[in-house]
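Thanks for making the time this morning. I would like to walk you through one chain, beginning with a single residue and then stepping back to the whole.

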Amino acid sequence: MLDDPAAVRALRPDFSVIRGLEARGVIVTAPGDQGFDFISRFFAPGAGIDEDPVTGSAHCTLTPYWAERLGKTEMAAFQASPRGGRLAVKLRQPRVELSGTAVTVLKGTIVV
């Protein structure tokens with residue numbers, strides 16, 4: 001966690017270093033600004049994604065983290081990737097509800 005949302009926005013990570021980590025990905029977060037409760041970025045070059053534009057799974061981790069710190073169960077979140085994304089998150093123990101605008105990147109049919 002960083003203290004300054006501007007520091008999250010300004011990150012220019014060395015993806016070769018992150019790629020060498022055993023972690024599945026790296027989440028960086030800070031208290032929010034511009035009307036958001038918190039902001040974040042998610043990097044996963046080891047999985048072939050240098051920076052994920054908006055990451056639902058990361059927000060399932062971030063929501064309880066920020067809920068405890070802010071004393072709130074409903075928050076506005078912003079993922080500060082170059083594309084950026086706004087999410088509404090709700091902590092509904094033991095689950096997290098996410099909502100926002102989605103971008104369809106793939107459509108298909110699965111036959112079982």
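**One alanine and its surroundings**

Let me begin with Ala-76, which, leaving aside residues up to four places away in sequence, touches Gly-35, Phe-36, Asp-37, Phe-38 and Leu-87. Please keep in mind throughout that this is a predicted model. Ala-76 itself sits in strand 4, which runs over residues 74-79. For another distance to look at on the screen, take Lys-90, which is 14 residues away from Ala-76 along the chain, with 9.0 Å between the two C-alpha atoms.

Now to the chain as a whole. Along the principal axes, the C-alpha atoms fill a box of roughly 40 × 40 × 25 Å.

As for contacts, if we consider those between residues at least 6 apart in sequence, 56% join residues at least 24 apart. Buried residues account for 33% of the 112, while the accessible surface comes to about 7,200 Å², with 54% of that belonging to carbon and sulfur atoms.

Finally, on charge, the chain carries 13 positive and 12 negative side chains, and the centres of these two sets lie 7 Å apart.

Notes
Residues numbered from 1 in each chain as written. Predicted model: local features only at pLDDT ≥ 70, side-chain atom pairs only at ≥ 80, totals over all residues. Heavy atoms only, no water. Buried < 20%, exposed > 50% of the residue type's maximum accessible area, 1.4 Å probe, protein only. Contact = heavy atoms within 4.5 Å. Areas by Shrake-Rupley, 256 points an atom, 1.4 Å probe, with all protein chains shown as cover. Lys, Arg positive; Asp, Glu negative; His and termini not counted. Charge placed at Lys NZ, Arg CZ, Asp CG, Glu CD. Helix = DSSP H or I, 4+ residues; strand = E, 2+ residues; numbered from the N terminus.
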